[in-house]
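The sequence and structure come first.

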Amino acid sequence: MIYLDNNATTRVHPEVAAAMAPFLAEEYGNPSTGYPLGRRSKAAVDEARAQVAALIDAAPDEIVFTSCGTESDNAALASALAAAPERRHLVTSAVEHSAVILFARALAPELEVTELPVDGGGRIDLGDLRSALRPDTALVSLMWANNETGVCQPVAEAAAIAHEAGVPFHTDAVNAAGKIPLSVAGTDIDYLSLSGHKFHAPKGVGALYVRGGAPFRPLLIGGGQEEGRRAGTEAVPQVVALGKAAELAKARLDDGGAAELAGLRDRLEEKLFAAIDGLHRNGDPAHRLPNTSHLSIDRVPAGDLLILTAEDGLCISSGSACSTGKREPSRIMKAMGHDDERALSSIRLSVSSMNTTGDIDRAADIIIAAVEKIRSLRPEEAGPVAFAG
Ligand code: PLP
């Protein structure tokens with residue numbers, strides 16, 4: 001099997017699995033208890049907090065552990081809205097993850113949501129952001145990097161513009177973490193969401209950075225864990241895993257990890273562009289994650305390509321969701337101004353540091369062979385493709 005779907009999730013790193021293992025077995029203490037078993041759990045959680053903080057240049061007490069990226073996003077939005085009940089307007093973008101956009105839309109009509117458009121490269125215009133801000137804007141939420149296209153937004157500049165207008169700023173950095181260096185130091189970012197399974201920790205653990213002094217109202221209310229910011233007994237094994245994964249990610253990035261990812265991604269693109277005509281890159285190439293390649297292939301429905309490549313053991317994604325047997329064009333591609341045909345022929349290839357050049361070469365061969373097969377069954381003169389369900 002060749003796994004090139006690392007924006008969907010990543011393999012747990014063996015060192016991460018080893019770090020969490022004792023906390024699934026003999027180290028089962030509740031961190032809120034005072035005897036040695038509990039104190040050891042508490043110490044492990046504290047260490048993980050420092051490791052996660054170091055990944056984004058934050059202070060440990062600015063990190064709140066959550067159950068996933070979705071919870072981090074929901075908590076940031078809910079908090080900002082609860083902290084400013086007189087403000088009922090939120091600014092976000094048309095390309096946010098559903099954990100932000102659907103949460104915001106679900107609060108309508110009490111909440112007015114401005115979804116900033118993006119250009120053909122998938123980026124917002126900072127002038128549009130300036131014009132969207134109002135005296136009753138409670139929050140700006142703008143993702144660091146898009147999970148589908150890998151396109152990065154000008155987050156630091158956007159945060160500064162929000163603060164000039166007295167508006168707090170949240171960024172969903174779930175798909176950026178571990179792939180590019182992230183620093184909140186010296187920025188106006190108030191809240192930042194992370195999710196462990198996107199950088200080699202297991203699923204079911206995330207974190208929310210809350211800048212010291214930023215208003216915060218908890219989403220989960222109960223016990224006083226996480227300094228009253230997120231009730232619920234800490235998921236110690238997962239938290240330990242997140243800490244270890246953050247430490248490894250930081251070490252990789254400090255050691256040129258982003259350039260290594262780009263090397264793998266670029267090798268793959270070079271092979272595909274050399275062999276396939278009618279291949280298009282989606283998203284601004286100057287502002288995208290180093291691990292992500294989002295491509296559309298003329299006369300090749302992504303659904304068909306995914307079936308063929310999966311038969312050869314390749315795990316990749318299409319930019320479309322398959323609902324009730326009908327493939328819907330991706331709303332991200334539509335927001336970028338692409339037509340249905342280009343959207344429905346788009347695929348996402350996302351590498352990680354656990355991939356090898358051998359994986360890349362084999363993946364390229366599999367994709368090239370699948371494209372040739374689909375096109376041979378679908379001659380050019382047949383006109384626009386009929387998309388398989
Ligand atoms: N935000 C982005 C950009 C994502 O890619 C994802 C995961 O797909 C999420 C949020 C949600 O994270 P989780 O799966 O941990 O809930």
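A polar contact is a pair of N or O atoms within 3.5 Å; within protein, one atom must be able to donate a hydrogen and the other to accept it, and residues adjacent in sequence count only if both atoms are side-chain atoms. This is a predicted model, in which local features need pLDDT of at least 70 and side-chain atom pairs count only at pLDDT 80 or more, while totals for chains, interfaces and linings use all residues. Residues are numbered from 1 along each chain as its sequence is written, and side-chain values use heavy atoms, with hydrogens and water left out.

**Ligand site**

- An oxygen atom of the ligand is 2.7 Å from an N or O atom in the side chain of K198.
- The protein covers 87% of the 390 Å² of accessible area that the ligand has on its own (Shrake-Rupley method, 1.4 Å probe; for residues, only the protein chains shown count as cover).
- T70 places a polar side-chain atom 2.6 Å from a ligand oxygen atom, and S195 also has a polar side-chain atom 2.6 Å from an oxygen atom of the ligand.
- The ligand is surrounded by 13 residues, the closest being T70, D172, N175, S195 and K198 (near means that a heavy atom of the residue lies within 4 Å).
- Helix α3 (residues 69-83) contributes the most to this shell, with three residues (helices are DSSP runs of H or I of at least four residues, strands are runs of E of at least two, and both are numbered from the N terminus).

**Helix α2 (residues 36-55)**

- The 20 residues of α2 should span 28 Å at 1.5 Å a residue, and the end C-alpha atoms are 29 Å apart, which agrees (expected span is 1.5 Å times one less than the number of residues).
- Buried residues of α2 include L37, A44, V45, A48 and V52 (buried means under 20% relative accessible area, exposed over 50%, partly exposed in between; 1.4 Å probe, protein chains only).
- Cover for the buried residues of α2 includes α1 (14-24), β2 (63-66), β7 (191-195), β8 (206-210) and α7 (236-254).
- Just after α2, D57 has a positive phi of about 60°.

**R49 in α2**

- R49, found in helix α2, counts as buried because its relative accessibility is 12%.
- Its side chain makes a polar contact of 2.8 Å with the side chain of E226.
- Leaving aside residues up to four places away in sequence, R49 touches P60, I63, V64, F65 and E226 (contact means heavy atoms within 4.5 Å).

**Helix α9 (residues 302-311)**

- Seven of the ten residues of α9 are buried, among them L305, L306 and L308.
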